[in-house]
Amino acid sequence: MIKAQEIKKSFLVSLWFMFLTFPIMVIRVNPIEKFVEWRWKNMLVVGIGSFLLSFVWRYMLKKKEAGEKRAETGESGKTFLIQRILEERRFYIPLVTGLTIIAVAFPFIFSMYQTSIMTTALMYIVLGLGLNIVVGLAGLLDLGYVAFYAVGAYSYALLNYHFGLGFWSVLPIGAVLGFIFGVLLGFPVLRLQGDYLAIVTLGFGEIIRLVLENWNEFSFGPSGIANIDRPGFFGIQFSLQTASIYLYFLMIGLVIFTIIVVNRLQNSRIGRAWIALREDETACQAMGIDKTRTKLRAFALGATWAGMVGVIFAAKTTFINPASFTFLESAMILSIVVLGGMGSILGVIIGALILILLPEYLRAFSDYRMLLFGAIMVIMMVFRPQGIIANIRRTYKFNE
Amino acid sequence: MNTILEVKDLSMDFGGLRALDHLDLNVVEGEIAAIIGPNGAGKTTFFNCITGIYNPTEGEILISPPGKKRKKINGLKPNRVTKKGMARTFQNIRLFSNMTVLENVMIGRHCRTSSGIVGAILRGRSTIKEEKDVVDFSYNILKKTGISHLVNEFAKNLPYGAQRRLEIARAMATEPFLLLLDEPAAGMNPRETRELDELITRLRDEDNVSILMIEHDMKLVMSLSDRIFVMDYGRKIAQGTPSDIINNPVVIKAYLGEDIDA
Amino acid sequence: MEYFLELILGGLTRGSIYALIALGYTMVYGIIQLINFAHGEIYMIGAFTALIFTSVLTLLGFNEIAVIVLASLAAVIYSSAYGYTVEKIAYMPLRRASRLSPLISAIGMSIFLQNYVLLAQTSDFLPFPNLIPEFEFIKPYRHIISSPEIVILITTSTAMILLTFLIKFTRTGKAMRATAQDRNMAMLVGVNVNRVISITFVIGSALAALGGVLIASHVGQINFYIGFVAGIKAFTAAVLGGIGSIPGAVLGALVLGLTESFATGYVSSDYEDVFAFGLLVLILIFKPAGILGRVTARKV
Ligand SMILES: Nc1ncnc2c1ncn2[C@@H]1O[C@H](COP(=O)(O)OP(=O)(O)O)[C@@H](O)[C@H]1O
Ligand SMILES: [Mg+2]
């Protein structure tokens, strides 16, 4: 039974939100034609919606507090279902086989359009995993990640335009340039602590975009660069259809490669140092870890991956301009990491699939895409900061 | 007897507050020394200064690791100090909460190992071997400190006493010649304190590590220490053997009002 | 020489508006050490509220003065309400979380509010009526300073003086200073910390709304995105002056306003935003404590 007290609380919340959203949601003015539209229906929606949501909100807050208490008294010994599946061979071998079959068959079953969307989702998985190294493992909030993505994309576009270099020769160049930019930007900024770092990386990201927008002689300004070559295969150029399947498999390959790399890294000497740095900088340093160098490595490695995906992005769309590299793009990749679970590979994959595919397939969502991303970041931080799938640490067995 | 740590004329100011005031202190090889003094005396600040976390306003810090040359370590970053062989624990426990107990200790091995990103990705033979050595070394330390049954627990889920022990284990993993313990017995019950007493003695005897600890539990201090330094208002007001200190009127005066259960 | 004077006055005007927004950043940071990313959006919502109320009130036949006063009042009230609500939803439940969490929550809130206005209103630029009438006495000096500029300078100085008074001499101000210095200690001596934090958000938001109305009527158009750039610039100002310091925020804002004014006046206006971002990056790297900030060792 819901108590009268609770209903009263929710009623007040509902009133407050109707008041709060009144000018923005109800009134719409057209200052040119001197015309005002009143949308009273919205007020009703806000009222009912906030009334119901406030119950959910309070319930979840209570649940979370109870969970925290349990954790403090050390009673949280339950293992997650996912963790069990991953540990037991008899579950995970069929699972991996199934996924492989689906992944291989996908472009032959579904249309080119679907394949292309899936390729985009795979690109965001790799971007997410790359940013995950920086934010999830090392705990460095990088809000300018898209800058390195732009570096990769522009290096392919420009090298292709000026010198006719092909996709495969630029892919490593893009990665290296991403790395170099990562080191160059990282070196001065990584001395800063948490929130300043976030702002500086944001600033750098915007500077790079503004330069691309204004330096016409170099980057062709806002009009961008068109007719970039699609990836070929030893000089063979494919038809549009084949090229999209080719790109799809290329991305599958890159996803697998990235998973292997990140997985190996997070259980290595360097990976552990990143996590320790995230957990407690002072203690980490006191245990003999060079803070700046460790941060720089994470930052530059993340940038390398962004550079690589940037090249693929340019090859996929065959047209790039600065509008593809705004802060919102960085924010989107960040919300993938946050939703999935900072530091968790599986989490980031699931996060990317949800956030990229959902708005594509549920048309109703696509307008609300960014609204949704913003809301997800807040809700996850408030209720489940570890993400959908919490990072699992490796366990060791010793027999005496 | 070799002096392994020499601190000369050390002062530390925070704005207008002088937290350390011309402090002289040294530690000799193989001893267990203790720093005592009321809260706010500057004991933790002293640790922070000699481990490079704070940059002292004045003074010199010199170390002579066994078998190596004497060296000034003022201005070195904390990680350099640790690499040179001084490791510490924290008064307000600072473990890596979301890492396992074993991983916490493995972090301590970082400065004694070398594999990098490329090694980790390729996972070559030397990387695998180094990794295995790190795991074994760390596990042995856990056994020695008596928390090996907790290897795979998250540090944050450990009971308080075990967290204090893990702090020591993590510091020991860096193979220090001098171990700095900041209130290792704080919050422990009498039984845990007795076990800690044994542990510290064992570390000194079996691992060739000298120990400088800050501690309020006078019983522990008296039973363990070879020498005691007493601090008050950032100054060293006395030093000597436990029996010297107990009978020193200056010390008794400084402690008046504070309860000592010695 | 006249051009130079014009640039100085333009810079001061710009700077004083940045100051209004920067104060919100600096006050919140001073109290809960959080960069309130959504603060720029609060300012944007203030501008939108003012626009909406101006149109409605004009249509209802109110006279000019009444429209100005009521619309500004509505902007201040609504922005404060938004600031208050944002804190309760996105930051208050995270008081004990790790440092990264509230920051991400703040970024999420900022994106959410931008898109909320975008979806509920429009993505287009809306023309904003010039609320400030042309004064007679200013006519001879028109080429140097305009009426809106004078109004902006006067309004912001008044707001700043009132704020200083509030913080220095009232009980609330005392509680705010105590909380900023040591939250736990303040709690122990009986300060209602949650209330102080709410008040801080409300004051900061009210100032931002004022800034929103002034700049929108000065520039003449608004859209859902204006909060982002203005927010970053105001944050730059706050950091430039030394974040957490109130006079620092004002000083930093004026320096930033003048820098921008001269850079666009003498160099090029294409890179207007680059100057601000560049300045931000440079200060954070070389003097993160800002002009008036002090370097302090964090307690370990
Ligand atoms: N980072 C700091 N900033 C300002 N004051 C500090 C800082 N660290 C310590 N202090 C002050 O220095 C004095 C000594 O503190 P501390 O060394 O922690 O004492 P102890 O460990 O002996 O209890 C205290 O007054 C404390 O408030
Ligand atoms: Mg202490």
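Predicted model: local features only at pLDDT ≥ 70, side-chain atom pairs only at ≥ 80, totals over all residues.
A residue counts as buried when its relative accessible area is under 20%, and as partly exposed when the value lies between that limit and 50%.

B:Thr44 belongs to helix 1 (residues 43–50) of chain B, whereas B:Gln91 sits in the loop between strand 6 (86–88) and helix 3 (101–108) of chain B, so the pair ties together parts that are 47 residues apart in sequence. With a relative accessible area of 18%, B:Thr44 is buried because the value is under 20%. B:Gln91, at 29%, is partly exposed.

Helix 9 (residues 226–241) and helix 11 (residues 272–286) of chain C pack at an angle of about 35°, and their axes are 10 Å apart. The crossing of helix 9 of chain C past helix 11 of chain C is left-handed. On the side of helix 9, the residues in contact include C:Val229, C:Ile232, C:Phe235 and C:Leu240; helix 11 contributes, among them, C:Ala276, C:Phe277, C:Leu280 and C:Ile283. Sorted by class, this contact comprises 11 nonpolar residues, one polar residue and three charged residues.

Chain A is described here by its domains. The domain assignment gives domain 1 (4–72) and domain 2 (110–383) of chain A. Taken over C-alpha atoms, the centres of these two domains of chain A are separated by 35 Å.

Methods. Residues numbered from 1 in each chain as written. Chains lettered and ligands numbered in written order. Heavy atoms only, no water. Axes fitted to C-alpha atoms, helices over the stretch in contact; angles between N-to-C directions. Helix = DSSP H or I, 4+ residues; strand = E, 2+ residues; numbered from the N terminus. Left-handed = near helix turned anticlockwise from the far one by under 90°. Contact = heavy atoms within 4.5 Å. Nonpolar A, V, L, I, M, F, W, Y, C, P; charged D, E, K, R; others polar. Buried < 20%, exposed > 50% of the residue type's maximum accessible area, 1.4 Å probe, protein only. Domains from an automatic or database assignment.
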